[in-house]
Amino acid sequence: MDGITHTELSQIEQELMNEGLSVKEIQRLCDVHAAVFRESLEQVKKPETIPGHPVHTFKEENRAIEKNINENLRPALEDFKRNGT
């Protein structure tokens, strides 16, 4: 079933029904297929966990910016609010 389109899958399902397979059985087979597909997706690494992936880099940059804000900018802003300098 790898590499077929949604249209082809619908045609296959229709042919199976034309040959006498019940809608309930086709739905059961779809559920089995979805469970297998779900398991394979769960094994795929998330982009944010792969060093060098743009999503990973973007998140790391955001963490560095947040750290800089919390360690440098925020204290300087608070000091300015207190002392006006």
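The stops below go from the whole chain to single side chains.

**The whole chain**

Start with a cartoon view of everything, and keep in mind that this is a predicted model. You will find three helices and zero strands in the protein chain, and from the N terminus on the elements run α-α-α. The radius of gyration is 27 Å, well over the 12 Å that the globule rule gives for 85 residues, so the chain is more spread out than a compact globule. Along the principal axes, the C-alpha atoms fill a box of roughly 85 × 25 × 20 Å.

**Surface and charge**

Of the 85 residues, 2% count as buried. Colour by charge next: there are 11 positive and 16 negative side chains, and the centres of the two sets lie 12 Å apart.

**The segment before α1**

Select Ile4, which sits in the segment before α1 (6-18).

**Helix α2**

Time for some charged pairs. Side chains of opposite charge can pair when their charged atoms come close. The structure holds four salt bridges, and one of them is here: select Arg28 and Glu25, whose side chains meet at 2.8 Å, N to O. Both residues lie in helix α2 (residues 23-43), three residues apart, about one turn of the helix. Arg28 is partly exposed at 41% relative accessibility, and Glu25 is partly exposed too, at 27%.

**Helix α3**

Move on to Glu78, found in helix α3 (residues 54-83). Which residue does Glu78 meet in a salt bridge? The partner is Lys81, at 3.7 Å, N to O; the two are three residues apart in helix α3, about one turn. Glu78 is partly exposed at 33%, while Lys81 is exposed at 58%.

Next, pick Asp79 and Arg82, which form a salt bridge whose closest N and O atoms are 4.0 Å apart. They too lie three residues apart in helix α3. Asp79 is partly exposed, at 29% relative accessible area, whereas Arg82 is exposed, at 60%.

For a last stop, draw a C-alpha to C-alpha distance from Glu78 to Ile65: 13 residues apart in sequence, they are 18 Å apart in space.

Technical notes. Residues numbered from 1 in each chain as written. Predicted model: local features only at pLDDT ≥ 70, side-chain atom pairs only at ≥ 80, totals over all residues. Heavy atoms only, no water. Helix = DSSP H or I, 4+ residues; strand = E, 2+ residues; numbered from the N terminus. Rg over C-alpha atoms; globule rule 2.2 N^0.38 Å. Buried < 20%, exposed > 50% of the residue type's maximum accessible area, 1.4 Å probe, protein only. Lys, Arg positive; Asp, Glu negative; His and termini not counted. Charge placed at Lys NZ, Arg CZ, Asp CG, Glu CD.
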